[in-house]
Amino acid sequence: RHCIVLPHGALHALPFHALRDGDCFFGDLHTLSVAPSAAVLRRSLQAAPPAATGTAVIGVADADAPQIVEECRRVAELLRGARLFLDRAATRKVLERLGETGASVLHVASHGRFRSDNPWFSALRLGDGYLTLHDLHDLRLDIGLAVLSGCSTGAGVVSGGDETVGLARGLFQAGV
């Protein structure tokens with residue numbers, strides 16, 4: 001009932017959960033994990049679960065995405081006891097503190113920018129500026145699951161060795 005997919009080449013862009021057998025979607029019948037590489041999967045399976053059990057929700061809204069605040073409030077309600085950081089309170093310092101104290105779940109709703117010309121400058125908007133993929137590699141995050149909700153947050157470029165370089169990979173590298 002649970003499938004783990006390690007895509008290769010162009011398959012990194014395929015939404016496996018949305019595949020249909022004629023009657024229903026794959027994601028309706030199975031849970032699905034997609035790992036960007038076998039090395040990331042191995043590291044994730046070997047990692048100890050985060051020590052902390054708390055949850056955190058971070059959101060930065062603007063005129064182009066005004067519903068982010070409502071999304072974050074609803075997610076925080078579902079994740080009872082979640083710490084909620086909105087707009088100017090959703091800073092890099094908050095992420096650094098979460099990295100130190102740990103969390104079982106982190107939900108981030110914000111604008112993402114993907115730079116296919118140089119993925120290391122892909123970024124996630126926070127209340128005090130953009131956090132780049134390069135910045136993520138400097139963070140240490142003891143977080144079990146991170147959800148990125150925003151445009152281009154799941155985009156990546158397949159590089160040598162069939163590794164995907166993007167924000168999700170940066171989170172894996174940071175310890176998520």
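Reply: The largest cavity holds about 60 Å³ of space. The structure is a predicted model: local features need pLDDT of at least 70, side-chain atom pairs count only at pLDDT 80 or more, and totals for chains, interfaces and linings use all residues. Residues are numbered from 1 along each chain as its sequence is written, and side-chain values use heavy atoms, with hydrogens and water left out.

A cavity here is a set of points on a 1 Å grid, over the protein atoms alone, where a 1.4 Å probe fits but cannot get out. Its volume is the space filled by probe spheres set on the points, which are joined across faces, edges and corners. The structure has 1 cavity of 30 Å³ or more.

What lines the largest cavity? Leu-95, Leu-106, Val-108, Leu-124, Leu-136, Leu-148, Leu-167 and Leu-171 do; lining residues have an atom within 4 Å of a point. S5 and H6 each give two or more residues to this lining. Helices (H or I, at least four residues) and strands (E, at least two) are DSSP runs, numbered from the N terminus.

Now the packing. The largest nonpolar core has 22 residues. Such a core is a set of buried Ala, Val, Leu, Ile, Met, Phe, Trp, Tyr and Cys residues joined through side-chain atoms within 4.5 Å. Buried means under 20% relative accessible area, exposed over 50%, partly exposed in between (1.4 Å probe, protein chains only). Ile-58, Leu-95, Leu-98, Leu-106, Leu-139 and Leu-141 touch the most other members. Two or more residues come from each of strand S3 (55-59), helix H4 (92-101), strand S5 (103-109), strand S7 (123-126) and helix H6 (167-174). A second, separate core of 10 residues includes Ala-76, Ala-82, Leu-86 and Ala-109.

Leu-106 deserves a look. Beyond its neighbours within four places in sequence, Leu-106 contacts (heavy atoms within 4.5 Å) Ala-56, Ile-58, Leu-95, Leu-98, Ile-143, Leu-145, Ala-146 and Val-147.

Then the sheet. Four strands run in the order S4-S3-S5-S9, as an open sheet with parallel pairing. Strands pair if DSSP finds at least two bridges between them. Strand S4 (83-86) and strand S9 (143-149) are the edges, each pairing on one side only. S3 and S4 pair over 4 bridges, in the parallel sense. Within that pairing, Ile-58 stands opposite Phe-85 in S4.

Key:
1 Å grid on protein atoms, 1.4 Å probe; cavity = no way out; pocket = protein on both sides within 12 Å on 5 of 7 lines; lining within 4 Å.
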